[in-house]
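Thanks for making time, everyone. Please have a look at the model on the screen, and then I will walk you through one part of it.

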Amino acid sequence: MKVFIATAKKDIFARKWSLITYCIIGLGLAWLYIAIFPTFSKESAKFNELLATYPKSILEAFNISQLKMDTLQGFMSAEHFSLVWPAMAILLAISTAGQSLSGEIESGTMALLLSLPVSRLKLFWSKYMAGMIVILLFTMITIFPIVPLAHWYGVSFTANNVWLISILSFCFAWAIYSLTFLFSAIFSERSHTYFVAGGIVLLMYVVKIMSGMIHSFEKLKYASAFYYYQADKTFVKGSLDIQDILVFCGVAVIATAIALIVFLRRDVSV
Amino acid sequence: MSHIIQTKKLTKKFGHKFAVKNLSIAIEPGEVYGFLGPNGAGKTTTIRMIMDFIRPTSGEVKLFGKPISEIGHAVFENIGYLSSDSTLYSNWTASQHLKYMEKIRGNSEKTDDLIKQFGLELNVKVHRLSSGNKQKLKLIMALMHSPKLLVMDEPTRGLDPILQNDIHDILKKLSKEGSAVFMSSHDMNEVEQVCDRVGIIKEGEIVTSQALSDLRELNIHVVKVVFGGKFDLERYSTIPNVEIKKTTKHELIINVKGDLNPFLYQLGKSGSVKDIDIYHSSLEDVFMRYYK
């Protein structure tokens, strides 16, 4: 256990500055949206009217079909959780997972770890869990403070929805992290991991947009993680679809299992 | 007693190319084994298989008498590893590296002595350390837990002669205490100074694995003769155990394998020898014979 803790701690500390930076930006943006919401809400009727003129497919394509700008949940779904938060979570997940294995192989420090009396299995889990903790901390630090901040600015708010959006957001980030971890176990260079994982995420985003706009592509939406990240439905209506959670968990578990098999069997030329 | 390292027909292929082929060696406790070969001969690949970084295509590695695939990583408690190619965490200090090692391997009483011996700066970040100091840190990390086996890939590359000598002394001391050392090197002088046995690897295959004393006793003499005038080269080149290395107008340099007498007999008949120098071939000469 001490080996596990020492190695996980090492990895978390190695990511501390990026975690702090991401948390400050994520929390700062959430704070900003909450701070401007009282002013914005006075004009929200106009925005709702404007949104009503948009084709439904466009709103669905950008996961904002449930949008009502007259509530903080609706406003933050549109401004924060539809793009900014997932984008930050994706960047953090990909950079953390990429550094974990392929980063250490590329820099040569993996030789130091593999020469220790630590099995590859333990090494894998300690590194994987370190990344999970980074993702979890980012989720908690950037989402949970919404409740006290909303209270501070006197904005009415359904606190329970914060729990739900936290669960959905964490599962989304976990799936992206695990998928990237798989590529990190396969490749010996970070750039390859970032390129493939980033490419897949970008492709999934394009697929989600296309499937909403082009009728013949409609079924492709099921292949996109963004289809299952229904932040507006979860945060505005307080409805967390268990199917979305299962998809994220399924992707995470399968990708992690394959990553583990690959890492246990692969040659590490360091 | 079981071997500390034993490889049996160890083979590694990358694609269709053999990096290591049917390599069988055995290293005893207390033995310092030098692994010689030029770049690309398969030294590092062999070391990576011994350390379980990469897996053999066929054959097996046994450490402390048991196959590496069966014993698990607990065996690495008794192994120290140093590679001049491996890197350290650039944003950590030497002290952070040593503390991390102690968290994994447990506290070590030798660490402070080693730090004093090498004069290592503890609180400087690794990216600010000189290559010599980085190598010192790697060496301390490899030695701090009194390993029963020390695996080293070119341990003294790029180091100054004083530090090289310190390392040689440590290796000799470890060997006296019963630890085995497996080291690859380009430096013949280093191998001659510290190794008990030498394996020469060529294109992935071991071409010889012998005690250093046996290699010296291959009985190859290098003979340098200076003649008073012109000499008859054919007289010497036709002697079966003579190999002409170099000739000038008045000078002849040859390798004589085995009995010197037929050569000396012919030399005596020439009657024009001005100077003669006979010495045993060095490890480098032996090495070069395999690489011709």
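This is a predicted model: local features need pLDDT of at least 70, side-chain atom pairs count only at pLDDT 80 or more; totals for chains, interfaces and linings use all residues.

Let me begin with one pair: B:Tyr81 stands opposite B:Val151, which belongs to strand 7 of chain B. Residues are numbered from 1 along each chain as its sequence is written, and chains are lettered from A and ligands numbered from 1 in the order in which they are written.

Strand 6 and strand 7 (residues 149-153) of chain B pair in the parallel sense over five bridges, where pairing asks that DSSP finds at least two bridges between the strands. Strands (E, at least two residues) and helices (H or I, at least four) are DSSP runs, numbered from the N terminus.

In chain B, six strands form an open sheet with mixed pairing, in the order 6-7-8-3-9-10. Strand 6 and strand 10 (205-211) of chain B each have a single partner strand, so one side of each is left without a neighbour in the sheet.

Now, which elements give two or more residues to the side of chain B that touches chain A? Here 21 residues of chain B are in contact with 19 residues of chain A, contact being C-beta atoms, placed from the backbone, within 7 Å. The elements are strand 6 (79-83) and helix 3 (94-105) of chain B, and helix 3 of chain B gives the most, with four residues.

Key
Two residues are in contact if their C-beta atoms, placed from the backbone, lie within 7 Å.
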